[in-house]
Amino acid sequence: MEIKKHWYKEMVVYQIWPRSFCDGNGDGIGDLTGVLSKLDYLQDLGVNAIWFSPLYCSPNADYGYDIADYRNISPEYGTLEQFRQVVQEAHKRGMRIIMDLVVNHTSDEHEWFKKGAADKNSPYHDYYFWRKGKGKNPPNNWKSVFEGGAWEYNKDLDEYYLHVFAKKQPDLNMDNPAVREEVKQIMRYWLDMGVDGFREDVITYISKAEGLPNGIPLPVGTGIEHYTVGPHLYEYLSEFRHDVLDHYDCFTVGEAPMMTPKLARTFIAENDKQVLNLMFHFQHQEADCFLTDWLHTPLSLKKMKKAFSTWQKEMYGDAWNALYIENHDHPRAVDRFGSVRYQKQSAKMLAAMYICQCGTPFIYQGQEIGMTNTTFRSLDEFKDVVTFNNAKVFAKFGIKGERFLKIANKCSREQSRTPVQWDGTENAGFTTGTPWMPVNPNYTEINVADQQKDPDSVLNFYKKLLKFRKENEIVIYGSYEEHCKDSSTLYVYSREYEGKRMLVVCSFTEKPVRFTAPDGFDLSNAELVLQNYDVLYNSNSFLTKPYEVRVYML
């Protein structure tokens, strides 16, 4: 099967959530000065693209995902001139820059919203969904994904505005051609500045069902079926592609909740109808939960394997996968899918498990040193609007106090947002001031400086893994086949490309498990290229060690 080669398929992307990455001016908040100071570190790691979570001006109701000005950098992060410098310095090091494009909604402090809320006759009023209520009730029964009902009443206008996320995140009316023109202008503005593409936030929500009908009642997110892959989504994405993106050598990855491989191909299949390059789906992230991280269930490796394998098989030769296990919206992967007790071993295993698959890998800040969840001692220590909304939702079912705190410590997005642990000095080298969020106390054991000096560290394993991927096209372009499908403890798959074969063996338990090589694989003469334990000799059958990984080339 002929696989089309492209630069975005060969890159490895590092996600920076800027507030917690590195503080360069001592005010306790990560910034662009801090990013500049770490570009050599990222180059040495082996990544060749940086995706920035929003850097734009924002009141931070949702930490940057509520944008007040799409054409400027938030003063707490720096200036436009500093951003241009980051772009230039990254490009000098062979790294591309990807911005977050957040156009399902704005902040309620954006000029468009303020003008539209001040005057019903303003053209900006139709930039959003304003509706009259039904008697004393909102226009429909939709509930916000983040914060109570999805409609907020404005008494001056005697109208409600729609927000499927937080109250301070009113949804844009993408059916209005003027709004789509604004989006195109925003894209051109950053692409002309040298940005290399966009990660498009909940982009599959931008088209709402005509008439905004009532939704199926749910505890959270009622109405979601009326805006997940809405009626004009493909049309609007096609317009963005044709009018803007086709005129630049750039890359797009869309965030797509509730996405399936069959549906994804509508948007990312490599043909003349393609409108996005990749899609972030959530199916493998549901291996330890039901629909949302907050409805936690025991980890089902079979569920995870099925999700990965389905996307691998159904995309191959037709479309391209986005590979990730961590980002700013989920707790740390070691806690979820590995073991804090075996932090180093499971962090390495998880890295090889997903990066050795076919697709473009995304690494989240701190993941490369195996950062773990922290422990919040009270609800007051949390900062996320989602956590506070869920506290209200869970309280309706009698889950509050210590019971809710235990769930929040396991499930909240804050777990991925503690400052990056650079060294063993005070505040983990993140800031010389007071960090905006407390540093995980384990920074003295888990930090970049110590791991740079340790050949056996998680960080050096990531470096070796990314170098191996770069030097072996089988890792990038090879076909995929799952083995040991019935195992609830082992994830085993092979890759094949141009006569070469590779076998990846991952244990998801601390208990010893008997592994036997699949038919047709002789490991006794294979090259063991990556492992997280010393292996004395190759064998076609062995007992795995806790969270062991072995990658063989045949």
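Me: Hi! Which strands form the open sheet with β16 in it, and in what order?
Reply: Hello! Five strands make up that open sheet, in the order β16-β17-β18-β22-β20, and the pairing is antiparallel. One thing to keep in mind throughout is that this is a predicted model.

Me: Good to know. Which are the edge strands there?
Reply: Those are β16 (479-483) and β20 (527-531), each of which pairs on one side only.

Me: And by how much are neighbouring strands turned against each other?
Reply: On average by 20°, with direction ignored.

Me: Let's zoom in a bit. How many bridges join β17 to β18?
Reply: Eight bridges join them, with β17 covering residues 490-497 and β18 covering residues 500-507. The two strands run antiparallel. For an example you can find in the structure, look at Glu496: its bridge partner in β18 is Arg501.

Me: Which strands does helix α11 lie across?
Reply: α11 lies across β17, β18 and β22 (549-553). Its direction is at about 40° to β22.

Me: What about α11 and α15, at what angle do they cross?
Reply: Helix α11 (residues 343-355) and helix α15 (residues 458-471) cross at roughly 15°, and their axes come within 10 Å. Angles under 35 degrees count as roughly parallel, so α11 is roughly parallel to α15.

Me: Is that crossing left-handed or right-handed?
Reply: The crossing of α11 and α15 is right-handed.

Me: Which residues meet there?
Reply: From α11 you have Gln343, Lys344, Ala347, Lys348, Ala351, Ala352 and Ile355. They meet Val458, Phe461, Tyr462, Leu465, Leu466 and Arg469 in α15. Sorted by class, the contact of α11 with α15 has nine nonpolar, one polar and three charged residues.

Me: Nice. Now a new pair: how far apart are the axes of α6 and α7?
Reply: The axes of helix α6 (residues 177-192) and helix α7 (residues 233-243) are 10 Å apart, and the helices pack at an angle of about 40°. That angle makes α6 oblique to α7. Their crossing is right-handed.

Me: Who makes the contact between α6 and α7?
Reply: On the α6 side there are Arg180, Glu181, Val183, Lys184, Met187 and Arg188. The α7 side brings Tyr236, Glu239, Phe240 and Asp243. By class, the contact of α6 with α7 comes to four nonpolar, no polar and six charged residues.

Me: And α12 with α13, at what angle do they pack?
Reply: Helix α12 (residues 385-395) and helix α13 (residues 401-411) pack at an angle of about 140°, with their axes 11 Å apart. This makes α12 oblique to α13, and the crossing of these two is right-handed.

Me: Which residues touch in that one?
Reply: Thr387, Asn390, Ala391 and Phe394 of α12 make the contact with Phe404, Ile407 and Ala408 of α13. The contact of α12 with α13 has five nonpolar, two polar and no charged residues.

Me: Back to strands. In what order do the three strands with β6 sit?
Reply: That open sheet has the order β6-β8-β7, and its pairing is antiparallel. At the edges stand β6 (130-131) and β7 (151-154), each with a single partner strand, so one side of each is left without a neighbour in the sheet.

Me: How many bridges hold β6 and β8 in their pairing?
Reply: β6 and strand β8 (residues 159-162) pair over two bridges, in the antiparallel sense.

Me: Big picture, then. How many helices and strands are in the protein?
Reply: The protein has 16 helices and 22 strands.

Me: And what does the C-alpha trace span?
Reply: Along the principal axes, the C-alpha trace spans about 75 × 55 × 50 Å.

Definitions and conventions
Residues numbered from 1 in each chain as written. Predicted model: local features only at pLDDT ≥ 70, side-chain atom pairs only at ≥ 80, totals over all residues. Heavy atoms only, no water. Axes fitted to C-alpha atoms, helices over the stretch in contact; angles between N-to-C directions. Helix = DSSP H or I, 4+ residues; strand = E, 2+ residues; numbered from the N terminus. Parallel < 35°, antiparallel > 145°, perpendicular 65-115°, else oblique. Left-handed = near helix turned anticlockwise from the far one by under 90°. Contact = heavy atoms within 4.5 Å. Nonpolar A, V, L, I, M, F, W, Y, C, P; charged D, E, K, R; others polar. Pairing = 2+ DSSP bridges.
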